[in-house]
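Visitor: Please show me how to read an interface between two chains. Take it step by step.

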2 protein chains.
Amino acid sequence: MERMRTTEVMSHVGERIRVAGWLHSLRRMGGINFLLIRDGWGLIQAVAETEEEIAVLQPENVGVESIIVVEGLVKSEPQAPGGVELHELKIELLNPVSEIPPISLNKRKLNAQLNTLLDHAAVTNRHPLRRATLRLSAGIMAGFRDILTSRAFTEIQTPKIVAAATESGANVFQLDYFGRPAYLAQSPQFYKQIMVGVFERVFEVGPVFRAEPHDTTRHLNEYVSLDAEFGFIENHFTVMALLRDVLAHILQTLNEDYRSELELLKVEMPRMPEDVPTIHFADAQELILKLHKTDVRGEPDLSPQDERWLGAWAKQEFASDFLFVTGYPMRKRPFYTHVDPERPEYSNSFDLLFRGTELVTGGQRLHRYQDYLAALERAQLPLEPFEYYLEAFKYGMPPHGGFAIGSERLLMQLLGAQNVKLTATFPRDLNRLVP
Amino acid sequence: MERMRTTEVMSHVGERIRVAGWLHSLRRMGGINFLLIRDGWGLIQAVAETEEEIAVLQPENVGVESIIVVEGLVKSEPQAPGGVELHELKIELLNPVSEIPPISLNKRKLNAQLNTLLDHAAVTNRHPLRRATLRLSAGIMAGFRDILTSRAFTEIQTPKIVAAATESGANVFQLDYFGRPAYLAQSPQFYKQIMVGVFERVFEVGPVFRAEPHDTTRHLNEYVSLDAEFGFIENHFTVMALLRDVLAHILQTLNEDYRSELELLKVEMPRMPEDVPTIHFADAQELILKLHKTDVRGEPDLSPQDERWLGAWAKQEFASDFLFVTGYPMRKRPFYTHVDPERPEYSNSFDLLFRGTELVTGGQRLHRYQDYLAALERAQLPLEPFEYYLEAFKYGMPPHGGFAIGSERLLMQLLGAQNVKLTATFPRDLNRLVP
């Protein structure tokens, strides 16, 4: 008999079927034994009314997480997960587990300390809550790719070992490349811009590396970046319009294809407005002064408190969980940022705040070779390490721009998780290199 | 007027439309000027019958690769690319290019030396032949993801910075992780196995890093690996059956959605047989002795010459471009390889040869904790660096296996390219870190 997935069993009431998976739990209640079997997709209950049926699970050395194959008759049972359970069992033991897992996988909640959870991620990730979280990561990637592919974007994969730092010399991991120094890419920024010269519209889903030497609840030293970049834009508002649609599609993908995960995790899904409220950086600072009597004018960036205030304002005024802040000051943005032609101290860039926290950064980039030469000089950066990158501009680039979404950060904020390490599969931080 | 893509113009004969892109070429023939405009998807011809129409392109400093916007009337013209051309032009110059590109982008062939092509990859990749090649990379990734998603596999992203080498201590890049040594992942092997414990069926598309200190036509130091791993298999034949279907689907995706690229590159697409011919390693060595009077029995691996002979045999005997070789000797396979229970000197592993060259490696892995302890001892490897990995097995794993396809290698062999560096977007080799 072919084994089926636990999530397929509900449509086989009255038939004998076979499932396989992990022994999630085994409870004895008044002579009846209730087994939960977990496979890669869900859980199913099996009921053994005789000791003989579970004889193979009786020895001392057979505990939870043992691998078993269970054949049984499917009966409807509204109380059971999925509305069905198995009876008249025939159980085969494939791989016994004798030790008790360091994390309780069959408790409804995950109650261990963060470090314990992360130390044992190989086991922790099996818990239904963790698994649902990580499955949503897959949904985010799928939604991102789907909409961009449907808009004629081409997927690229760019090098992660690079000769020079992208954003700045700081916060970059150095490695030994056959005796020479090399670095891990902090972002695919330069490469995705170069590839706009090839495909016009490109995206990448891949790891980026930040050697930030601090341990916060919002930062990872390695994370998965969802990058998009495209040409023939008008300005950063063209980029913001695309970003709005991309996030709307990701949310739709989760709502449609990841219903059970969202329910299990009790996610309050945001609604993406057709027109996302938008405020200029300078106006945002004026607003903060007016509403909160705090003068942050002249500051080159928004503080986390500023972002929370602005998020609350967007929620109250526009009933929106999302807010675009545009025109960040040039002096805080990287050298490739396009200036606002009408107010040169400000840039054609934006951040997207989600529930009062920065989620996405993006903007229009410089596209003229001469502008790059001037920008590098202004930033007092040498030309030579950037020559391969500048070649794209020397030989013709259209006005272009793009954005980068941190996928673990997006998931953290969707779930209201307390720490981004809980939305990464195997997080890397200052002290953590395993698992 | 909204700009449209060049590939959309053919269905607008008789209308005035607008395109934008790179000035691919400008030829003057008897007072008439022929422009080719290249955008992210294709080429379109525009015909200027007066000097006035192209006045904006006349100054000395406007050369090929300049960014232009062209409005014109669509006329049917069977000789032109796409069967249409633009007339009565209105041209806008968005970004002029004055220097002549280091690579001729408007010649049919790419004739430069390999090093010149790679040094200027930012420009080279714009050539229609290069672009078609890189677009096929996107098709390979899409086909891989589609079929695995349709079979209930979950996409994962695993860490690239790791605490210990995967396959062996050699050939691994070392980096400075906040003062501690760390390494770049040589493969997601351990993590994808751990994640079989979570999702049962997983895949990953991501970079892998091999510090192999030699410069060959078949190796890259960073490449994109298409990894799959899944549980509840019978043995390596279950894995081979999945691999057959995955490759068949990738080929189908290219045949259906990447027709124009395949034609431009004159790719001779292979046919994937329903039943891929399969030969055991030991029988393959006997066959080589019989057919070629060369005794390779006792060798622990197949040489490139052996693979070519076997490939030719599969082609002649079974009219197949593909051949599975199974049961490679245990002593040449990594410690996590599952032994052949009936012939313990051989393993439950395989290679897939494509046109006489190894394309994919895979097999069944060990799944019992005790087997891992024994295997590590046999391999004289210490336990400690693997403890996080072994935890997955300590707490229950089903029989499982998987495979890894080198995406650039697959593309190289499909195209019959002479060097795998030509099927990578920005290759990394012993001497090359840029672009």
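Visitor: How much area is buried between chain A and chain B?

Guide: The size of an interface is often given as the accessible area lost when the parts come together. Buried area is taken with a 1.4 Å probe and summed over both parts. Here chain A and chain B bury about 7,800 Å² between them, with 63% from carbon and sulfur atoms. A:Phe178, A:Tyr395 and A:Leu433 supply 10% of what chain A buries against chain B, more than any other three residues. This is a predicted model: local features need pLDDT of at least 70, side-chain atom pairs count only at pLDDT 80 or more, and totals for chains, interfaces and linings use all residues. Side-chain values use heavy atoms, without hydrogens and water, residues are numbered from 1 along each chain as its sequence is written, and chains are lettered from A and ligands numbered from 1 in the order written.

Visitor: How many residues are in contact?

Guide: Contact means heavy atoms within 4.5 Å. 90 residues of chain A touch 90 residues of chain B.

Visitor: How many salt bridges cross the interface?

Guide: The rule wants a side-chain nitrogen of Lys or Arg within 4 Å of a carboxyl oxygen of Asp or Glu. It finds 4 between chain A and chain B. One salt bridge joins A:Arg3 to B:Glu200, at 2.7 Å from N to O.

Visitor: Which rotation superposes chain A on chain B?

Guide: Superposition is by least squares on C-alpha atoms of residues with pLDDT of at least 70 in both copies. A 180° rotation with 0.0 Å of shift along its axis does it, at RMSD 0.0 Å. The copies are therefore related as by a two-fold rotation axis. A:Leu175 has the chain A C-alpha nearest the axis, 2.0 Å away.

Methods. Buried area is the accessible area (1.4 Å probe) that two parts lose on being put together, summed over both.
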